[in-house]
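Me: Could you take a close look at the ligand site for me, and then at what surrounds it in the fold? I would like one connected walk-through, with the cut-offs spelled out.

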Amino acid sequence: MSSILSNVLPAPEDHVLSVIFACRDDPCPVKLNLSAGAYRTEEGKPLVLEVVRKAEQQLANDLSCDKGYLPIDGLADFNKLSAKLILGDDSHAVEENRVVTIQCLSGTGSLRVGAEFLAKHHQQRVVFVPNPTWGNHPFIFTLAGLYVEYFRYYDPQTRGLDFEGMLEDIGAAPSGAIVVLQSCAHNPTGIDPTLEQWEKIRQIVRSKGLLPFFDNAYQGFASGNLDSDAQSVRMFVADGGECFIAQSFAKNMGLYGERIGALTIVCTSQDVARKVHSQVLLVVRPMYLSPPMHGASIVTTILKNSDMYKDWTIELKGMADRIISMRQQLYEAIQARGTPGDWSHIIKQIGMFSFTGVNEKQVRWMAKEYHIYMTYDGRISIASLNSKTVPQLADAIHAAVTRLA
Ligand code: KET
């Protein structure tokens, strides 16, 4: 039979997806998947936060909850509370009613809605992302019709931030260019600017008339404290300028599959905010009409209730602390094996990932010989490790580094 679809070409190899598929198809019982940013417990299990279970039970018992459509911009209380979470309780921008927040499909959906809005309403079509950055950033912005360029971020020599290069590249961006900044726990490098460096970045962004677009996927995962991790964003919002923020509750509430997040657009006046809000609704409506309800209801229940909020911060700190202890254990295990090289970056880096410095050849070899899977750039999810798997990984890294220099 003739096929309308027979001309479809196979998709090019996707670096992240191919690792995930290779791991899925590996029958080895002790295989270890460190490729995706997903938190696992010390027992190697996915974690549903206790406070999330409690919120779900409360929602299930509330017979006044129905399953009607949410408005195009989502649950109103969720939007208000999400904006407060990132901007702070005392945000002038919120008080002055110049903040637009709309519920979106997690961090990815928030970035995409923001990108679509900018492609339609912003004159400047160039967007600068860090080199390297989360692999989906270039796809999201390109598909929306924007042109992606890179600014220097990681220096492989120092395994640190190429701060001079970053400032130089951002400073050379054309006026109005969009600059994507990860607010904390940078993926994949685990390297964040210091507060003094953020201040210099802010000055350059503002003096060149650029538009900052924060990707806030890991609030609370860097330091274990929600307010400390929001400092970079708050610094930009405090100067009264415009700012986009894509927020995700996938990681910090463990709500990966609920696809719950928010896009916040900080405007310069209430009048601008009203116009922006009306146009964002037109971006969302033809895409998915309105967002799903369950995740937003969970987040709202937790953020609204001071006891539940406190319980959440304790569980979140527990996750962040476990990640820090995994870093320490991995570093010590590699040291104990006498693996050549300086591995202190593993304990210096911040957040869910470690950019280990092992190369693609070594990554592929570890998958084949040790059944350990990580992205080809050598990034591992530290949050997926536990005390039992650390020695397995340290053995593999030691063997890969000593055999395949
Ligand atoms: N921003 C960044 C920087 C990020 O790392 C992710 C996810 C997202 C946004 C989107 O997350 P969402 O679940 O849409 O809220 N990163 C992990 C997930 C993936 O790519 O599969 C990761 O890098 O492993």
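Reply: Happy to. A polar contact here is a pair of N or O atoms within 3.5 Å; within protein, one must be able to donate a hydrogen and the other to accept it, and residues adjacent in sequence count only if both atoms are side-chain atoms. With that in hand, a polar side-chain atom of Asp 215 lies 2.6 Å from a nitrogen atom of the ligand. The protein buries 85% of the 530 Å² that the ligand exposes when taken alone (accessible areas by the Shrake-Rupley method with a 1.4 Å probe).

A word on the source: this is a predicted model, where local features need pLDDT of at least 70 and side-chain atom pairs count only at pLDDT 80 or more, while totals for chains, interfaces and linings use all residues. Residues are numbered from 1 along each chain as its sequence is written, and side-chain values use heavy atoms, with hydrogens and water left out.

Around the ligand there are 17 residues, the closest being Ser 106, Thr 108, Asn 187, Asp 215 and Ser 248 (near means a heavy atom within 4 Å). By class, this shell has six nonpolar, seven polar and four charged residues (Asp, Glu, Lys and Arg are charged; Ala, Val, Leu, Ile, Met, Phe, Trp, Tyr, Cys and Pro nonpolar; the others, Gly among them, polar). Helix α5, residues 106-121, gives the largest share of the shell, three residues (helices are DSSP runs of H or I, at least four residues, and strands runs of E, at least two, numbered from the N terminus).

Asn 187, one of the closest residues, is joined to Pro 188 by a cis peptide bond with omega about 15°. Pro 188 is in the loop between β7 (178-182) and α8 (195-207). Another cis bond runs from Asn 131 to Pro 132, with omega near 0°, and Pro 132 is in the loop between β3 (126-131) and α6.

Phe 141 and Phe 213 have ring centres 5.8 Å apart and planes at 85°, so they pair edge-to-face. Because Phe 141 lies in helix α6 (residues 136-143) and Phe 213 in strand β8 (residues 211-216), the pair ties together parts 72 residues apart in sequence.

Definitions and conventions
Phe/Tyr/Trp six-rings, centres within 6.5 Å; stacked < 30°, edge-to-face > 60°.
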